[in-house]
Amino acid sequence: MRIVLIDLNGPFGPLRSYVELVPALIERGIEIEFIVPSRSLPLLDELAPQCSTLVVDRPHSLTRDWEVGRAVRRRLGEGGNIVHANSTSAVRGASVGVLGTRAPMVVHLRNSRLSRLEVVMLRSLACTPNPVRYIAVSGGAACTIEGLPKDAVTVLGDAVSAPRARGTRGLNDPARVGLVLNQQPTKGLDIFVEAVAKLASSNIQWEVFGSAGIVPPPAGYVAESMSRLSQMGVADKVHFRGIVPSMTAEFQKLDAFLITSRRESFSRVAAEALMSGLPLVAPVIPGLIETVDGGRLAHMYPLADASAAASAVQVVVSDYHSALSMAQIGMRWGESRFSADAVAGEMRKLYTELLVRPTSARSRS
């Protein structure tokens, strides 16, 4: 079985999540061929060197869709069986590539919110003769397109591999609490800043990863948040680490993890924290709450409530033994749901069903 995987977003979450599956899929007799931009090549060279790759480097445009389509058609002509669009941005090129063929398609739904045009585009796949299946990273992501046949959608979280966290902290050592924040308000930099202020007297060091730490900050929203940290006299407690190639090594240095997002479809970083055995503090939002088994495996707080987030972090730090006990439960549950073996087994079932039962989305609706 040969999968033609299209990912146009670069070496970030969607592609990394699929690449985590490659060894387990190969063990199950599946060959993967990638169509990606050149900026994704270092990641594939490092983690999937056994896979062949075609490069499409044009910016988002109809011309890019045409080139992706040509690359897909070439791979199908060379024996590809299934075309897998790894995110919504890859669907147009994939659709061009399978036009006039009976090649099955898989569409990965990774967003908690889609534009109207994206919804129309994804619904239009039901009008093609090609068999189409959708993989949603959560029930929340599955609900972004109404009216799809239930048997056309499979809810399957991303594969994650992460090491066990160090999990031991001296009584007088500062607690190291990690976050991943970018330039967008949806990730909640402002919520984080207010939580830090409320915990100013606590023995906590904050480790912030992601583009929020770019200096000088390009976004006014970020500049205002940085200024607020300085005004409140807590800037020295916050270490902005910037964008790192992988969080794998970083989790080993942390004692707990905080998420301040306003919207998530799955939250890879939440799954990584679980798999690392880290106590996790997270907001009650669709998508993410599924990643922590309905909230059972994390210290949850109301959406965008900085005071409640600070209180939850304080509970973790103050009763760290209990927090670690919960984290151990979360680690075992995460391994059963998000390990490469668990996800690859479900992925292979889906691929096999598409080949064995080649029924179009239109005939199922």
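Which residues is Glu272 in contact with, leaving aside its neighbours within four places in sequence?

Analyst: Glu272 is in contact with Val160, Ala162, Met247 and Phe251, leaving aside its neighbours within four places in sequence. Contact here means heavy atoms within 4.5 Å.

Two notes on the basis. This is a predicted model, in which local features need pLDDT of at least 70, side-chain atom pairs count only at pLDDT 80 or more, and totals for chains, interfaces and linings use all residues. Residues are numbered from 1 along each chain as its sequence is written, and side-chain values use heavy atoms, with hydrogens and water left out.

Glu272 is found in helix α11, residues 268-275. Helices (H or I, at least four residues) and strands (E, at least two) are DSSP runs, numbered from the N terminus. Glu272 has a relative accessible area of 9%, so it counts as buried. The cut-offs are these: buried is under 20% relative accessible area, exposed is over 50%, and partly exposed is in between, with a 1.4 Å probe and protein chains only.

Ser267 sits in the loop between β11 (256-258) and α11. Its phi is positive, about 75 degrees, although Ser267 is not a glycine. Ser267 is buried too, because its relative accessibility is 5%.

Now the core. The largest nonpolar core has 59 residues. A nonpolar core is a set of buried Ala, Val, Leu, Ile, Met, Phe, Trp, Tyr and Cys residues joined through side-chain atoms within 4.5 Å. α11 gives the most to this core, with six residues. The residues with the most contacts inside the core are Ile6, Val83, Val107, Leu122, Tyr134, Phe257 and Leu280. In soluble globular proteins, nonpolar side chains tend to be buried together.

Take Phe257 from that list. Not counting residues up to four places away in sequence, Phe257 touches Met247 and Phe251, and also Val269 and Ala273. Its other partners include Val177, Gly178, Leu179, Val180 and Leu280. Another core lies apart from the largest one; it has 33 residues, among them Val177, Leu181, Ile204 and Ala308.

Asn182 comes next. Asn182 lies in the loop between β8 (175-180) and α8 (189-198). With a relative accessible area of 25%, Asn182 is partly exposed. Its side chain reaches the backbone nitrogen of Gln184 at 2.8 Å. That is a polar contact: a pair of N or O atoms within 3.5 Å, where within protein one must be able to donate a hydrogen and the other to accept it, and residues adjacent in sequence count only if both atoms are side-chain atoms. Leaving aside neighbours within four places in sequence, Asn182 is in contact with Lys187, Ser211 and Ala212.

Ala304 is another loop residue, between β13 (299-301) and α13 (306-318). Its phi is positive, near 60 degrees, in a residue other than glycine. Ala304 is partly exposed, with a relative accessible area of 38%.

The structure holds one cavity of 30 Å³ or more. On a 1 Å grid over the protein atoms alone, a cavity is a set of points where a 1.4 Å probe fits but cannot get out; a pocket is an open set with protein on both sides within 12 Å along at least five of seven lines; lining residues have an atom within 4 Å of a point. Grid points are joined across faces, edges and corners, and a volume is the space filled by probe spheres set on the points.

The cavity lining includes Ser17, Tyr18, His108, Arg110, Ile135, Asp158 and Met347. α1 (13-19) and α15 (340-356) each supply at least two of the lining residues. By class, the lining has seven nonpolar, three polar and two charged residues. Ala, Val, Leu, Ile, Met, Phe, Trp, Tyr, Cys and Pro count as nonpolar, Asp, Glu, Lys and Arg as charged, and the others, Gly among them, as polar.

His108 belongs to strand β5, residues 105-109. At 2% relative accessible area, His108 is buried. A polar contact of 3.5 Å joins its side chain to that of Arg110. Leaving aside neighbours within four places in sequence, the contacts of His108 include His84, Ile135, Asp158 and Met347.

Last, the second largest pocket. Its volume is about 160 Å³. Leu156, Gly157, Phe266 and Glu346 are among its lining residues. α12 (288-291) and α14 (320-338) each supply at least two residues of that lining.
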